[in-house]
Amino acid sequence: MSVFKDANHMYTILNDVWTHAINETDFGPKLKEYEIDYKFVIKEPNGYLYVSHDEVITGDKANRDAVITMELSGDTVHAFWLKKIKLPVALATRKIKSKGPIPKVLKILPFLKPVYELYPVYCEKHGLAID
Amino acid sequence: MSYLDLDLNLSKEDRMLKEAAHEFARDVMRPTAWEMDRMTAEESVGPNSPLWDFKKKAYELDFHTILVPDSYGGMGLSPFQQALVIEELAWGSVGLTVDLAVAAFPSFLASMVPEEDIIEEIILPFCDCKDGKICGCWAITEPMHGSDTLLPFYPSFSDPAIPADCTAAPDGDFYVINGQKAAWVSGAPYATHAALFCQIDSKMGHAGGGIVIVPLHLPGVSRGAPLEKLGQRDDPQSELYFDNVRVPAKYCIVGPDAYEAMLEITLSFTTVLMGVLSVGIGRAAFEEALNYAKTRVQCGKALIEHQDVQKKLFNMFSKVEMMRQMTRAAHVFNQNTSTPAEEYSLICKVHGTQWAFEVCSEAIQIFGATGLTKEYIVEKLFRDARAMMIEDGSNDVLAIAAGHKIIENYPRRD
């Protein structure tokens with residue numbers, strides 16, 4: 001069973017985190033500068049998330065073309081943002097499958113720091129355990 | 001000499017990068033490599049070696065950061081641009097190109113784990129360096145192991161009965177490194193950091209490895225004498241010894257849980273780059289042979305007018321052109337997916353280096369006896385290309401590993 005109650009629970013948390021990240025931190029401008037947008041294809045709970053420099057979309061509308069597509073489970077999403085799993089380990093062990101230029105994946109990594117910091121805050125706000 | 005690029009989508013930036021790399025290869029790398037080839041191994045890393053001036057010039061132009069993302073100050077090249085630039089550098093010298101690539105290895109691998117300490121202590125100082133004094137090496141090869149440390153997912157790779165020569169043992173906030181890496185570690189005589197691939201969990205055999213960034217100034221690190229060898233004498237190599245070297249655990253990028261898969265990702269990258277290097281050296285030999293054949297007269301006419309020479313040149317040209325297309329395609333594909341298809345990288349390494357060797361050998365044949373002398377660069381290219389058939393894994397063993405992968409994975413679906 002996933003750490004998220006259902007897709008809506010997951011969307012609520014991820015939408016809040018990413019919206020804050022693109023609007024209030026360097027992450028949004030860097031996505032624009034590097035011409036990167038993401039589509040996350042999530043399993044258990046099943047869902048889609050799209051993130052660009054100026055919008056966050058959840059649900060079926062988010063199932064659109066993006067520079068980088070990442071497939072992963074809801075539990076991996078949770079573990080990744082809690083820094084319980086490193087990206088190379090997740091990629092190597094196929095917990096995350098990535099399509100799109102690996103150099104772009106790597107160059108944006110340092111700007112994800114605010115997301116790491118925000119995620120536990122929003123988990124707490126929406127009643128998701130972080131232990 | 002430039003070449004017709006069959007890719008119609010080359011941007012202005014791509015062309016500028018290619019030209020800048022070619023100029024550097026022609027004006028700096030060729031003369032440096034030529035001089036180092038005539039030195040002893042000891043002299044080539046001595047105070048009067050042209051290597052240091054080469055490194056300074058390469059670093060000033062940021063060529064040391066080809067593999068590093070631009071968010072850290074690296075060149076941030078696309079996979080296609082990496083292939084474009086590396087071919088040009090290899091045209092100038094395979095040995096010096098390898099030296100530049102491995103210099104970036106610790107930072108390249110560290111960029112996958114952007115922890116603040118690693119960024120501050122490893123990546124940024126390397127990218128900011130402009131005098132060539134911060135440089136890495138890739139320490140994977142071991143005295144008792146040849147290509148078998150490069151065979152992830154091959155049955156022997158997980159055999160605990162096969163011991164490793166270099167180990168890392170966890171000890172609180174540190175790893176304690178003991179053992180030895182073989183004499184084939186490029187850049188080891190002077191590297192400041194090693195991307196060390198070593199064993200952590202012996203129960204898993206080679207698969208129980210880890211990748212640790214090791215600052216080589218730490219107590220307990222020592223180095224062997226620079227190696228005298230047949231080819232790529234412009235790529236100084238030596239052993240690395242570790243005697244209870246304590247490395248902060250935060251410098252361990254990957255542990256046994258993901259080592260085997262991470263090694264496969266790394267090798268998908270490095271083996272295809274060996275193919276790109278093959279294109280560069282093969283093209284260099286082809287161009288030398290073509291130019292020589294235009295001027296050398298035999299039986300009353302230029303060599304170029306003899307049909308056998310024309311056929312030889314066509315075959316050489318074909319091998320270079322075919323391998324360029326294959327290496328670019330494999331590199332771009334594997335740099336766009338997190339589950340790389342290593343067998344395609346292995347095609348580039350095994351056949352690219354074989355063809356580069358054949359092209360260099362044919363170049364000598366066209367030169368005739370003069371090709372055997374040190375007066376012409378084809379003699380050096382031939383020796384350098386010969387080394388590539390063993391470098392980064394013997395072609396024989398890698399072909400077996402590739403066969404194993406094809407049997408396991410064909411047809412791949414992503």
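Me: Which residues of helix 2 (residues 27-34) of chain A are buried?

Reply: The model is predicted, so local features are described only at pLDDT of at least 70 and side-chain atom pairs only at 80 or more, whereas totals for chains, interfaces and linings use all residues. Residues are numbered from 1 along each chain as its sequence is written, while chains are lettered from A and ligands numbered from 1 in the order of writing. A residue counts as buried with 20 or more other C-beta atoms (placed from the backbone) within 10 Å of its own, as exposed with 12 or fewer, and as partly exposed in between. In helix 2 of chain A, the buried residues are A:Phe27, A:Gly28, A:Leu31 and A:Tyr34. Helices (H or I, at least four residues) and strands (E, at least two) are DSSP runs, numbered from the N terminus.

Me: Why do the buried residues of helix 2 of chain A line one face of the helix, and what covers them?

Reply: The buried residues of helix 2 of chain A line one face because, in a view down the axis, they fall within an arc of 140°, the arc being that of the directions from the helix axis to the C-beta atoms. The cover over these residues includes helix 1 (7-24), helix 5 (102-108) and helix 6 (113-125) of chain A, where contact requires C-beta atoms, placed from the backbone, within 7 Å.

Me: What is the phi of A:Glu35, which follows helix 2 of chain A?

Reply: Most residues other than glycine have a negative phi, and most peptide bonds are trans. A:Glu35, directly after helix 2 of chain A, has a positive phi near 55°. A:Arg94 also has a positive phi, near 65°; it sits in the loop between helix 4 (87-92) and strand 5 (97-99) of chain A, and 13 C-beta neighbours inside 10 Å make it partly exposed. In chain B, the phi of B:Asp62 is positive, near 70°, and this residue belongs to the loop between helix 3 (51-60) and helix 4 of chain B. B:Asp62 is partly exposed, having 16 other C-beta atoms within 10 Å.

Me: Which residues does a cis peptide bond join in chain A, and which in chain B?

Reply: In chain A, a cis peptide bond joins A:Glu44 and A:Pro45, with omega about -5°, and A:Pro45 is in the loop between strand 1 and strand 2 (47-51) of chain A. In chain B, the bond from B:Tyr410 to B:Pro411 is cis, with omega near -5°, and B:Pro411 lies in the segment after helix 12 (395-409) of chain B.

Me: At what angle do the axes of helix 4 (residues 79-92) and helix 5 (residues 94-103) of chain B cross?

Reply: Axes are lines fitted to C-alpha atoms, for helices over the stretch in contact, and angles run from 0 to 180 degrees between N-to-C directions. The axes of helix 4 and helix 5 of chain B come within 6 Å and cross at roughly 135°. The two helices are therefore oblique to each other; under 35 degrees counts as roughly parallel, over 145 as roughly antiparallel, 65 to 115 as roughly perpendicular, and the rest as oblique. Helix 4 of chain B contributes B:Ile86, B:Leu89, B:Ala90 and B:Gly92 to the contact, and helix 5 of chain B contributes B:Val94, B:Leu96, B:Thr97 and B:Leu100. By class, this contact has six nonpolar, two polar and no charged residues, with Ala, Val, Leu, Ile, Met, Phe, Trp, Tyr, Cys and Pro counted as nonpolar, Asp, Glu, Lys and Arg as charged, and the others, Gly among them, as polar.

Me: How many residues from each chain take part in the contact of chain A and chain B?

Reply: The contact takes 23 residues from chain B and 20 residues from chain A. On the side of chain B that touches chain A, strand 8 (252-254) and helix 8 (259-295) of chain B each supply at least two residues, and helix 8 of chain B gives the most, with three. That side of chain B has 12 nonpolar, nine polar and two charged residues.

Me: Is B:Ile119 buried or exposed, and with which residues is B:Ile119 in contact?

Reply: B:Ile119, in helix 7 (residues 116-128) of chain B, counts as buried, with 20 C-beta neighbours inside 10 Å. Leaving aside neighbours within four places in sequence, B:Ile119 is in contact with residues including A:Pro110 and B:Tyr72. The C-alpha atoms of B:Ile119 and B:Ser107, 12 residues apart along the chain, are separated by 8.5 Å.

Conventions: Contact = placed C-beta atoms within 7 Å.
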